[in-house]
Amino acid sequence: MRAKLTGFALSGFLAAVAGCLLVHVNQGYTEQPFVAAESLGVFTAAVVGGLGSLAGAALGALYLNGGVWFLPDRWRLLPSAVGVLFVLLVLPGGLGTLLYRGRDAVLRWLAERKGIVVASLLADRADDDAVPAAIKVDMPGRPGADPVEDPADEPVGSGTR
């Protein structure tokens, strides 16, 4: 609780300092850069890109603004509300998940090509033959597993030492 309050107070302090510096540099204050439409655009870009990564937020901003910059007039509705809903229906985690899925696919391909065993890349489709013996874990009670005898289960005074 103390760490959360400290982080909140520190971020509030830094925002106040940034606001003071902005007023000083601009020689005044106008609310034009802080209208609700700009805040909504930034929020939408973060959600479309993915809330868990900075690269996803950059992809979301490129998706929303790139539609205006690069698409012809007929296609400019793609990054609008309908396009945002379509992206979020197809990729609920945002565009960042597409980027990371592609990265994982390339790394998995490189690992298989070079013969490198990477446990985290094999975990998605692990079968008993693909997982090296060093990282296999026998779970007690698993079907087909050998029962593990625990020396603590021996009766007391059984005479074995």
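Visitor: Which residues make up the largest nonpolar core?

Guide: This is a predicted model, in which local features need pLDDT of at least 70 and side-chain atom pairs count only at pLDDT 80 or more, while totals for chains, interfaces and linings use all residues. Residues are numbered from 1 along each chain as its sequence is written, and side-chain values use heavy atoms, with hydrogens and water left out. A nonpolar core is a set of buried Ala, Val, Leu, Ile, Met, Phe, Trp, Tyr and Cys residues joined through side-chain atoms within 4.5 Å, where buried means under 20% relative accessible area, exposed over 50%, and partly exposed in between (1.4 Å probe, protein chains only). The largest such core has eight residues in all, namely Ala45, Val48, Tyr63, Leu64, Val84, Val87, Leu91 and Leu95.

Visitor: Which elements give two or more residues to this core?

Guide: Helices are DSSP runs (H or I, at least four residues), as are strands (E, at least two), and they are numbered from the N terminus. By that numbering, the elements that give two or more residues to the core are H2, H3 and helix H4 (81–90).

Visitor: With which residues is leucine 91 in contact, leaving aside its neighbours within four places in sequence?

Guide: Leucine 91 is one of the residues of the largest nonpolar core. Contact means heavy atoms within 4.5 Å, and, with those sequence neighbours left aside, the partners of leucine 91 are Thr97, Leu98 and Arg101.

Visitor: Is valine 47 buried or partly exposed?

Guide: Valine 47 is found in helix H2 and, apart from neighbours within four places in sequence, is in contact with Leu88 and Gly94. Because its relative accessible area is 23%, valine 47 counts as partly exposed.

Visitor: How is serine 53 classed, buried or exposed?

Guide: Serine 53 is found in the loop between helix H2 (36–49) and helix H3 (54–70), and a polar atom of its side chain lies 3.0 Å from the backbone nitrogen of glycine 56. Since the relative accessible area of serine 53 is 16%, this residue is buried.

Visitor: Which side chain meets that of aspartate 104 in a salt bridge?

Guide: A salt bridge is a side-chain nitrogen of Lys or Arg within 4 Å of a carboxyl oxygen of Asp or Glu, and by this rule the count comes to one. The N to O distance is 3.2 Å, and the partner is arginine 103.

Note on methods. A polar contact is a pair of N or O atoms within 3.5 Å; within protein, one must be able to donate a hydrogen and the other to accept it, and residues adjacent in sequence count only if both atoms are side-chain atoms.
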